[in-house]
Number of protein chains: 2
Amino acid sequence: MDLAAELTSLLGPDAMRTGDAIGPYLTDSTEMQGLVGRADAVVAPADVDAVRNVVAWCYERGVPIVPRGGGTGFSGGAVPVDGGLVLSLERLDRVLSFEPELWRMQVEAGVRTATIHRTARGSGLLFPPDPGAGEQSMIGGNIACNAGGPHSFKYGVTGAWVTGIEAVVAEGRLIRVGGPLRKDVAGYDLRSLLVGSEGTLGVVVGAWLRLLPAPAAAIPVAAAYADEQAGVAALERVYAFGLVPATLEYLDEGAVDATRGAFPGGLPEEARFLVVAEADGTIEGASALAAELAEAFADGAVMVRTMQSPAEVAALWRWRGGVTFGVEAQMGGKMSEDIAVPFDRLGEAIAMAREVGRAHGVRACSWGHAGDGNLHATFMIDRASPDQITSAAEAASDLFARTLELGGTVSGEHGLGWVKRGQFDVQFGPAEAALQRSIKALFDPKGLFNPGKKIPPAPAS
Amino acid sequence: MDLAAELTSLLGPDAMRTGDAIGPYLTDSTEMQGLVGRADAVVAPADVDAVRNVVAWCYERGVPIVPRGGGTGFSGGAVPVDGGLVLSLERLDRVLSFEPELWRMQVEAGVRTATIHRTARGSGLLFPPDPGAGEQSMIGGNIACNAGGPHSFKYGVTGAWVTGIEAVVAEGRLIRVGGPLRKDVAGYDLRSLLVGSEGTLGVVVGAWLRLLPAPAAAIPVAAAYADEQAGVAALERVYAFGLVPATLEYLDEGAVDATRGAFPGGLPEEARFLVVAEADGTIEGASALAAELAEAFADGAVMVRTMQSPAEVAALWRWRGGVTFGVEAQMGGKMSEDIAVPFDRLGEAIAMAREVGRAHGVRACSWGHAGDGNLHATFMIDRASPDQITSAAEAASDLFARTLELGGTVSGEHGLGWVKRGQFDVQFGPAEAALQRSIKALFDPKGLFNPGKKIPPAPAS
């Protein structure tokens, strides 16, 4: 019996993706860098038991398993680079329970991030993590990458809102760590180990989420500067003044230029650097904080704009969500990283990203989550040009080295996936790398969960 | 050469604790249950290098290492139950850096929790975790237990405020996970694995802490009820109304009785259940929230009191800090647990704790962090009576079993340590217990770090 026939008999015909339907499962946002995988089979099991069965089946036969959520990642984490089985969680799409009066929700891994946001909002609650592409991305993928987003500045990343996880691990065993509990120190924190593990330790199939009453008001304050130094100084004043907005974002000159026309209400011509904070809380509290932010931003600004109406606010976040596409549109493609540095090195990191691009002859820009020191340092490329792809990859390699010199990390919220796996042994010294590898081996003795991703094989010594 | 002579030559005479000076290192808050250990030696190394040397020395010779902070734990985690070396972190007491304009601090493990609070406050910042005994407890111990406290309801437990850890692991190797970074998903989350590991994976020697601008105002609102049902209903209304106080505490009848006389401003005679929330934020924001809390508490209350003056607020938290001692004073001793349940099971858990005490003939009461479903279920004992200690231990065993039936955990913030190690294999099924044990073996192949604590030897199969 061949692979497809065996899987069909195991999972039923509805679970099989074949023919042209396979294409979308072979790529993610790294497609524009030329990364397209190949799969021996693509399956979408109907429920947790089916996931257990297929994982047990793969584990017995030594078939690699590439877990897949919405496929919106920037690091090739869900791409089957070298065959094996793509295990899509798309059919595990049920909200298992939603208890608004208890501020919690239990979901399957394939529930879309936007569905969680909307469900919570409908009852006056907030699920704070807001990585991009919410309509496509799935909570299982958000957990696998410990995804962030603008609102992580005040509220923290995905892991901070996950109180429990169900995962299918080696041999098809189902483990449950945590649950609808807000505190638990009985064992080691396996929950946090699974969060951000990028499918390399097992398959996240469900989660318990913690929610928060939604703030009554959210008031963005944007400010533009004619030069980067003035913009970075404005960001530093938010910290120095002790203000805690929900978001603290920036765009450098290249990112401003790529999205200038779409900024709600327009930007002054001399704008070369943009900062966007959002004050949230009660109506009075958010208004007061917005006024303080406007004051902190004022020095050296060519524009300070406070947005009050719901339409303005929606337009702003729509624009912000489109930044990545605006930058991409400049040359048809981009290679976008997610380095993070201590906040006091932010200005240096922004300048460094641009310098690195210049040194390699590729246009570079950056934007991102300034308050968290998290930069989407980006190299713009013509995706049809192999030379540009090579130059951008070389620039990225330099970028990572210089990020580490600044005391930073090569990944703040995307994960290492496939495209950054080479950075693993650079960022971690031998002792910590060995420890990390031994955790991988513990969960996945046969090395079948998302092989080669995040943690590459140990270098020859 | 004998042990003491070897250690003296390794660490210098100042590091040696001998003779009568050893006594305090052999116990923690479980002393009143009769737990007193014995140590082959007690050392207090002067710095991280000395910790590395002594760990390497122990690891070579197979000498067990019991790391020790302030010794304020409730689970015997820092007690040398069966000899070995007590490694006190008391001399690693330096604040290595404090950068108020960057909301961060780097500390050694032996810095007292209260020192961190005071240092932050002096610059208008807040380190939110507030476990009891802040003047004695050390940040390293707080990290080892992932300690909580009242303010964890809004702000989360210790781990949420630790962005990096330095730890000395097997063979005296120093590892650094994280740092002054707010986001990092490059590797597996070893930081969270060390948080709450109770000294069983290595010795935490330092940490990077994240701070927050301190709220301008904090306004406690207390309410008393003549019966428990009315009190629990009031707590549930806080969730249902979508209010987010910084703390949401309760005391049941036994705890109220033990501390009634000391409550600032007194309590009505009919008070049998007490709730205490604290509204914090801006002056206006905290006032508005305090009014909403008072409204949520009103139904069925025999008292609702909002505390405005700094003197009242300080008196309230002084009283709250004394609850544990007030309960202890009832009969001279107590066995105090830290079970946690989903919030919707809180009322059942409070009643259950009392019933369990009655069934075993010991006086029982509970209080704690209601909003987090975290109960200090407590059995009051005459510490001179072996019978009472036995009955209380049996009651605790029942309490744990019934907590698991409620979907809870046997430890929300104290850890399992020595006294709750028997619960490990009850709470975790065989698959997860095996995974946890293999993580222990990975970090500590010789089983020398705090042996027998948290994770006991595997049961014979």
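In this predicted model, Glu135(A) pairs up with Arg118(A) in a salt bridge whose closest N and O atoms sit 2.8 Å apart; a salt bridge here is a side-chain nitrogen of Lys or Arg within 4 Å of a carboxyl oxygen of Asp or Glu. Glu135(A) belongs to the loop between β7 (125–126) and α4 (139–145) of chain A, and Arg118(A) to helix α3 (residues 113–122), so the pair ties together parts 17 residues apart in sequence. Helices (H or I, at least four residues) and strands (E, at least two) are DSSP runs, numbered from the N terminus. Glu135(A) is partly exposed at 47% relative accessibility, and Arg118(A) is partly exposed at 48%. For these labels, buried means under 20% relative accessible area, exposed over 50%, and partly exposed in between (1.4 Å probe, protein chains only).

A word on bookkeeping. Residues are numbered from 1 along each chain as its sequence is written, while chains are lettered from A and ligands numbered from 1 in the order in which they are written. Because the model is predicted, local features need pLDDT of at least 70 and side-chain atom pairs count only at pLDDT 80 or more, whereas totals for chains, interfaces and linings use all residues; side-chain values use heavy atoms, with hydrogens and water left out.

Stepping back to chain A as a whole, its secondary structure comes to 15 helices and 19 strands. The radius of gyration of chain A is 22 Å, close to the 23 Å that the globule rule gives for 461 residues, so chain A is as compact as a globular protein of that length. That radius is taken over C-alpha atoms, and the rule is 2.2 Å times the number of residues to the power 0.38. Along the principal axes, the C-alpha atoms of chain A fill a box of roughly 70 × 55 × 45 Å. Of the 461 residues in chain A, 60% count as buried. Among contacts in chain A with a separation of 6 or more, 74% come from residues 24 or more positions apart, a contact being heavy atoms within 4.5 Å. Chain A exposes about 15,800 Å², with carbon and sulfur atoms supplying 51% of it; accessible areas come from the Shrake-Rupley method with a 1.4 Å probe, and for residues only the protein chains shown count as cover.

Back to charges: over all chains, the count comes to 50 salt bridges. One of them joins Glu90(A) to Arg17(A), with the closest N and O atoms 3.2 Å apart. This pair links distant parts of the chain, as Glu90(A) is in the loop between β4 (85–88) and β5 (95–99) and Arg17(A) is in strand β1 (residues 16–17), 73 residues apart. Glu90(A) is partly exposed at 21% relative accessible area, while Arg17(A) counts as buried at 16%.

In chain B, Lys420(B) and Asp338(B) form a salt bridge at 2.4 Å between the closest N and O atoms. Lys420(B) sits in the loop between α13 (386–405) and α14 (424–427) and Asp338(B) in the loop between β16 and β17 (339–340), so this pair ties together parts 82 residues apart in sequence. Lys420(B) is buried at 1% relative accessibility, and Asp338(B) is buried at 0%. Salt bridges that share partners also join Arg38(A), Asp40(A) and Asp82(A) into one network.

Glu278(A), in strand β14 (residues 273–281) of chain A, tells another story. Glu278(A) is buried yet has no salt bridge, and the nearest side chain of opposite charge, Arg121(A), is 6.9 Å away; Lys and Arg count as positive and Asp and Glu as negative, with His and the chain ends not counted. The side chain of Glu278(A) does make a polar contact of 2.6 Å with the side chain of Trp317(A). A polar contact is a pair of N or O atoms within 3.5 Å; within protein, one must be able to donate a hydrogen and the other to accept it, and residues adjacent in sequence count only if both atoms are side-chain atoms.

Asp444(B) lies in the segment after α15 (430–443) of chain B and is buried at 2% relative accessibility. A polar contact of 2.5 Å joins its side chain to that of Tyr59(B), and the side chain of Asp444(B) also reaches the backbone nitrogen of Phe449(B) at 2.8 Å.
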